[in-house]
Amino acid sequence: MTRFVTKLAAATAAFVLASVPGLASAQTTQAVDEKTGPVSFANVASVRIGNPGSLITETQRSPLTPGRSKLSPDRTVVPLNEGERNTFGKKWDINLGRYGAQSPYPAGIASRDHNVLAALQQTTVPTAVAESNYALIDNGQGGAKPADNTVLVLEGAKSAVDCSAPSKAVSSTSVAKIWVRDGTGALKPSGASGVDVKGLKLGPPSTGEIDKTASKKETTSDLTVSRVTAFDQLIRQDGWRSGDVTKAAGWKLDIVTHVRDAAGKDLREARTSIVLGGVSCAIPRNFVARPAGGTGPGAAPEQPSVPGTVPAGGIPPQTADSTRTVVGLGLLGGGIVIGAAAMLLYRGRKPVPVPEK
């Protein structure tokens, strides 16, 4: 009877470990160092209005053991809620690929879910990718349909990083096509390497008392679209860190809006920076990847997605001054595997419920 009970207990423990994602390997897989070890980050969209005010959407961080943290497909637009709207402004929207009955994109661009994730491979190599279509929409245009208000489209945008070794860390940023609304009001392709446009019919993201006499006809913006090539070009939270070796990628939009009255007199200048698909990876200078075990460098992790992303938010303006810098509180998604249940089994304690994070 004693041997039967012992075998039953062993079988039950094995079943529990096999049934809970990540617990079986948590006992055998050594976690990387949270502060100095290999790490990657991925963010779908972040905005800086003035300096240093910013709105940062959910940021994915790679787990401490092999696995991945992926942005929910339900995040389809910026701003997402009233808090983000108060920070970002009342005029602009950024569509992140998926849309409903009315498309904000040129004809022929289908609705799609983005793919934004940060991963730690089985080799402990950190990687990240952000793939999506993006549309910058100016609701101040007054169009009847979302597509009538779209001023910029990045079709088939992708940014990726892979830090497989100190001498082999790589990044890439690409796009199938960039569309810009021209002087005639039509969205037209403008290449795939970048954009530098002056006199774009685009108003400011927010308005205030000083804009009451502004003219939509006279107000224009200068737009530059370029690739992110350095870590400091990302718009990020304090927890989004670099390392001895760091690679970054993404698309950067710099917009200078010249708000003018009907006589063409300058009322103010609004500066906005946007990073779409910002990703990075970082490793220590002495980093050596673990054996691939047949999966190869950069192979997809065997463990499932790690839950725990916390939605971003914003601090609303406290005054009616449209030139005030407003600050958004982008919160960092966790992506850290916690082996509490595994430790309980190891110590022979009776398991207790652990709240989901």
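I began with the lining of the largest cavity, where β8 gives the most, with three residues. I note here that the model is a predicted one.

**Entry 1, the cavity.** I wanted to know how many cavities of 30 Å³ or more a search of the whole structure finds. The search gives one. I looked up the space in the largest cavity and found about 40 Å³. I then listed the lining: Ile94, Tyr134, Ala135, Leu136, Leu152, Leu154, Leu253 and Leu276. I sorted the lining residues by kind and got eight nonpolar, no polar and no charged.

I looked for disulfides next, and the structure holds one. Which cysteines does the disulfide join? I found cysteine 163 joined to cysteine 281, with 2.0 Å from S to S. I noted the link of cysteine 163 and cysteine 281 as right-handed, with 75° about the S-S bond. I placed cysteine 163 in strand β9 (residues 150-163) and cysteine 281 in strand β16 (residues 266-283), so the pair ties together parts that are 118 residues apart in sequence. Are cysteine 163 and cysteine 281 buried or exposed? I have both down as buried. For my own reminder, a disulfide is a covalent bond between the sulfur atoms of two cysteines.

I checked the peptide bond that joins valine 78 and proline 79, and I recorded it as cis, with omega about 0°. Where is the place of proline 79? I found proline 79 in the loop between β5 (77-78) and α3 (82-88).

I looked at threonine 124, which is not a glycine and yet has a positive phi of about 70°. I located threonine 124 in the loop between β7 (115-120) and β8. Why does threonine 124 count as buried? Threonine 124 counts as buried because its relative accessibility is 3%, and buried means under 20%.

How values were computed
Residues are numbered from 1 along each chain as its sequence is written. This is a predicted model: local features need pLDDT of at least 70, side-chain atom pairs count only at pLDDT 80 or more; totals for chains, interfaces and linings use all residues. Side-chain values use heavy atoms; hydrogens and water are left out. A disulfide is a pair of cysteine sulfur atoms within 2.5 Å. Helices (H or I, at least four residues) and strands (E, at least two) are DSSP runs, numbered from the N terminus. Buried means under 20% relative accessible area, exposed over 50%, partly exposed in between (1.4 Å probe, protein chains only). On a 1 Å grid over the protein atoms alone, a cavity is a set of points where a 1.4 Å probe fits but cannot get out, and a pocket is an open set with protein on both sides within 12 Å along at least five of seven lines; lining residues have an atom within 4 Å of a point. Grid points are joined across faces, edges and corners, and a volume is the space filled by probe spheres set on the points. Ala, Val, Leu, Ile, Met, Phe, Trp, Tyr, Cys and Pro count as nonpolar, Asp, Glu, Lys and Arg as charged, and the others, Gly among them, as polar.
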